[in-house]
Amino acid sequence: MFGRIENEDSIDTKVGFSPGSLFSSFTSQDREAKLTFTFIPHQILLNKDHEFFEDGDIHRHLYLQNLSTCPVYDSPTARQCEFRCHISGCSQVFSTVEEYEHHYNTLHRHMCSSCQRSLPSARLLDIHIQEWHDSLFSILAERQDMYQCLVEGCSLKFRTREQRKDHMIKIHQYPSDFMFDKAKRIKKINIANKNRQQKGTSMEVSMSGSEPEDVCQVLSDQPEEEEYMELNHSLEPAHHKPTETTAQQRETLLQVSIYFKSQMAHYFLHGAPHDSNVFPLDLQSMCNDPECIH
Amino acid sequence: MWRLNAVRHKAGRQGSDLEEFKFKRRAHEKELRRARKDSKLVSKILLLNDDENEEDGTMDTLASDQVLELFKMVCQGRDLVKKEADLRALRKALRSPSAHLVLIRQQSSIAILVTNLRGPSPQCRLEAVRCLHELSQSPHSEVDSWRLRQATPYLITFISGQSPKFTELCLYTLGNMCPDSENVRNILLAQGIIPALNSCIQIHRTNLAVVEAVGFTLSQLISANYVTGRIIPAVLASGLIPHLLSVLTPVLTPDSQFGLGPVIECAWCLHYLACSNVDNGALVAQGTLLRCTSLLVTLGGAVAKGSIEEGMELLIWPLLRCVGNLLLSGPLGALQPQLNDSRLLAALCAFPQAFLQTHPALARESVWVLNNLTSAAAADSSVFCSALFYLNLVPVLIQLLPFSHGINIMVLRVLGNIAHQGREYCLHLAQAGLLPALCATLKMADPEVVTFSLEVLGQLVASDPQLAEEFVRQSGLPVLEAIQYSNQETIRLRAKHLLEHHLPPHCTVDTSASP
């Protein structure tokens with residue numbers, strides 16, 4: 001399977017890889033590997049006009065034309081490769097590995113796959129997913145303490161974000177302007193919207209004044225970034241619903257779902273009541289959510 | 001040797017002259033690159049004459065009527081001594097390019113020069129050929145070699161003659177005429193330039209200046225664009241090859257006057273012959289591969305010791321290319337007898353180390369030759385792959401991975417070739433420190449580098465679970481996870497495959513969400 005490819009005019013990367021020597025059987029994994037990995041060792045023949053030979057030819061002709069040597073050499077020197085962030089849409093380039101890794105760890109590590117936000121640690125990512133993308137969370141949070149303290153090792157939980165924040169300020173001595181669970185945005189446009197949405201629920205309003213500064217800090221990669229729980233480098237995430245509902249509405253919904261479940265259970269077990277109008281009407285009167293479809 | 005000597009004069013420039021020189025050189029280089037892209041890269045040589053070395057500064061450019069006056073005197077003169085003086089004056093006038101146009105437009109000017117070229121007086125012949133030589137390298141397109149074709153049968157005849165200086169001038173004149181036109185080359189071929197070159201190199205084999213001139217002329221003949229199918233087979237059949245090879249002696253104490261000039265020219269001829277791929281089997285059969293590799297070994301030894309001569313890269317370059325292409329002339333196993341000096345591998349690794357900063361393209365071509373050695377049929381290449389480990393050369397290759405200009409890609413090919421040999425080779429590669437190096441190359445900006453890195457990595461981790469674990473220990477998993485967000489699908493697929501099938505723990509991200 002090793003090729004001798006003659007008269008190849010270009011050094012393209014599209015050459016084949018045959019893992020046949022490594023895999024003893026033809027599993028579907030092997031077949032997949034054969035399609036994915038394509039490198040085959042092969043010799044390369046180059047004709048005299050190939051661009052691979054350009055620099056050498058130029059050097060020869062400079063010599064023939066009496067211009068080759070110069071005390072201080074002036075021709076292209078080997079460059080160290082640059083490093084590029086692979087995250088689609090980011091594409092920033094760095095000259096050292098360290099710079100790249102710092103960038104990646106700051107902006108792309110522990111990324112939430114639902115909303116593309118990057119969190120500083122795996123634990124905070126878990127908390128984020130739970131608090132923002134778990135649809136049952138807000139419902140359960142009404143009945144029990146769900147908001148965990150963000151400090152590693154502290155196992156306390158709280159009923160509201162506010163309470164958690166108070167705890168972290170009082171007990172763990174966090175500064176009051178610490179960005180607890182507010183999303184930072186790279187694009188300034190969304191700041192105003194976010195403020196409006198968050199108004200009812202948090203005390204982050206007081207921090208809105210410092211927002212532009214925070215955005216600038218995010219953009220310029222200052223160490224202060226480390227304080228932020230979330231960094232958002234995309235637009236309003238698709239899956240994240242703003243928490244518009246009040247506490248009372250949430251209570252209603254909870255009751256509705258419990259009720260609905262028991263009604264359905266009843267239906268299945270005993271059949272529908274003859275007066276089926278009772279069912280929808282009950283729900284409609286109970287539900288205050290303007291978006292309720294019933 | 002006229003060239004390196006002349007260059008040494010230039011090396012003495014100082015101060016603002018140097019800056020100007022560098023500026024001119026950079027501009028000139030740009031022109032050459034453009035010319036190469038247009039397939040018009042051509043160079044012509046102008047020999048300096050002894051009496052000009054003595055004179056200082058530039059000649060006064062003569063007015064056209066003065067040039068014509070000189071020419072008239074040449075036409076009319078009967079006294080040979082006087083004619084010689086007139087020809088000399090004309091020749092000096094021709095040092096200024098504007099005089100070329102004057103002369104070429106004069107009716108029968110070339111015929112008159114040719115008459116003197118074949119005339120009875122040796123001194124007149126010498127001056128006449130010098131005049132033709134000036135014209136042969138004229139910057140004016142009007143003064144092309146077709147206009148000078150009347151001279152060629154005589155020039156060709158004379159190169160089989162005995163006088164070295166005269167022969168040298170004839171050779172360089174012919175060499176300057178070769179690249180201009182297909183028609184001229186056909187005429188030269190028909191008039192027997194190749195057998196003439198063959199006898200010339202034998203007659204003058206001890207005269208390095210003439211040997212260099214033969215090499216130059218031959219290289220011009222065979223490297224010209226649109227080379228007809230007839231030239232190279234004629235050269236191969238002519239018996240020139242053994243003589244070219246005899247010039248490539250691995251003697252590295254070059255004649256102080258001539259330097260590496262003759263060897264350089266012959267090496268470039270061999271490169272042009274090999275890359276044309278007309279009959280590389282014949283080249284190999286006549287010992288080309290053996291001779292080129294021996295010389296590379298000698299040069300590699302010198303380079304490794306740190307004694308890099310001025311102009312050495314001009315010799316290394318064509319040798320590398322010749323060897324690189326000749327490796328495809330037949331199954332590698334059949335070429336084994338010519339390749340049994342393992343120091344060749346050491347030389348091929350010494351060149352990149354030495355020339356990385358000054359000539360990165362040479363480093364890249366050196367690794368290309370390694371690719372051709374390690375990528376033939378598995379049984380044939382395994383000896384070279386093993387030798388790379390035995391000579392502890394793999395770490396040297398790994399050290400080249402940070403460098404662009406195509407160097408790291410070629411190195412990754414070689415490492416991929418070695419990994420392909422099997423599990424034992426993969427283990428050795430890992431021992432040499434390849435896995436942490438791959439962690440770095442996977443982060444590079446060039447997607448080709450990343451793709452090749454994934455290929456090599458794939459080979460390694462698939463060959464032995466130990467290597468997969470080692471990769472994870474080297475913190476390789478986060479790198480692959482990051483790669484899954486790449487905007488190149490081919491890269492994402494490879495990374496995903498590795499994460500799913502070969503690396504613990506299995507951490508895949510749903511890439512269908514990626515844009």
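Colleague: Let's begin with chain B: how many helices and how many strands does its secondary structure come to?

Modeller: This is a predicted model, so please read every value here as computed from it. The C-alpha trace of chain B spans about 100 × 50 × 40 Å along its principal axes. Its secondary structure comes to 30 helices and zero strands.

Colleague: What share of the residues in chain B is buried?

Modeller: Among contacts in chain B between residues at least 6 apart in sequence, 74% join residues at least 24 apart. Chain B has 515 residues, and the buried part of them makes up 58%.

Colleague: Which residues touch the most other members of the largest nonpolar core?

Modeller: That core holds 195 residues. Take B:Leu248 as an example: leaving aside neighbours within four places in sequence, its contacts include B:Val263, B:Leu270, B:Leu295 and B:Leu319. The residues touching the most other members of the core are B:Leu248, B:Ile316, B:Phe351 and B:Leu480.

Colleague: Which residue just after helix 22 of chain B takes a positive phi?

Modeller: Helix 22 of chain B covers residues 378-390, and the residue in question comes just after that helix. Its phi is about 55°, and the residue is B:Asn392.

Colleague: Is B:Glu470 buried, partly exposed or exposed?

Modeller: B:Glu470 has its place in helix 28 (residues 465-473) of chain B. Its C-alpha atom is separated by 7.8 Å from that of B:Leu435, 35 residues apart along the chain. Buried would need a relative accessible area under 20%, and B:Glu470 is at 22%, so it counts as partly exposed.

Colleague: Turning to charges, which residue of chain A forms a salt bridge with B:Glu265?

Modeller: The structure holds 29 salt bridges over all chains. In this one, the closest N and O atoms are 2.8 Å apart, between B:Glu265 and A:Arg60. Because B:Glu265 lies in helix 16 of chain B and its partner in helix 2 of chain A, the pair joins two chains.

Colleague: How many residues apart are B:Arg105 and B:Glu142, whose side chains meet in a salt bridge?

Modeller: The N to O distance in this pair is 2.9 Å. B:Arg105 sits in helix 6 of chain B, while B:Glu142 is in the loop between helix 8 and helix 9; the pair links distant parts of the chain, 37 residues apart.

Colleague: Which side chain meets A:Lys48 in a salt bridge?

Modeller: A:Lys48, at 18% relative accessibility, counts as buried. The N to O distance is 3.1 Å, and the partner is A:Asp49.

Colleague: What distance separates the centres of domain 1 and domain 2 of chain A?

Modeller: The domain assignment places domain 1 at 80-109 and domain 2 at 121-180. UniProt, in an unreviewed entry, lists "domain: C2H2-type" for residues 85-108, 112-133 and 149-172 of chain A. Residues 85-108 are 46% helix and 8% strand, and residues 149-172 are 42% helix and 8% strand. Taken over C-alpha atoms, the centres of the two domains are separated by 31 Å.

Notes: Residues are numbered from 1 along each chain as its sequence is written. Chains are lettered from A and ligands numbered from 1 in the order in which they are written. This is a predicted model: local features need pLDDT of at least 70, side-chain atom pairs count only at pLDDT 80 or more; totals for chains, interfaces and linings use all residues. Side-chain values use heavy atoms; hydrogens and water are left out. A salt bridge is a side-chain nitrogen of Lys or Arg within 4 Å of a carboxyl oxygen of Asp or Glu. Buried means under 20% relative accessible area, exposed over 50%, partly exposed in between (1.4 Å probe, protein chains only). Helices (H or I, at least four residues) and strands (E, at least two) are DSSP runs, numbered from the N terminus. A nonpolar core is a set of buried Ala, Val, Leu, Ile, Met, Phe, Trp, Tyr and Cys residues joined through side-chain atoms within 4.5 Å. Contact means heavy atoms within 4.5 Å. Domain bounds come from an automatic or database domain assignment. UniProt positions are given in the numbering used here, feature names are shortened, and annotations may be inferred rather than shown by experiment. The expected span of a helix is 1.5 Å times one less than its number of residues.
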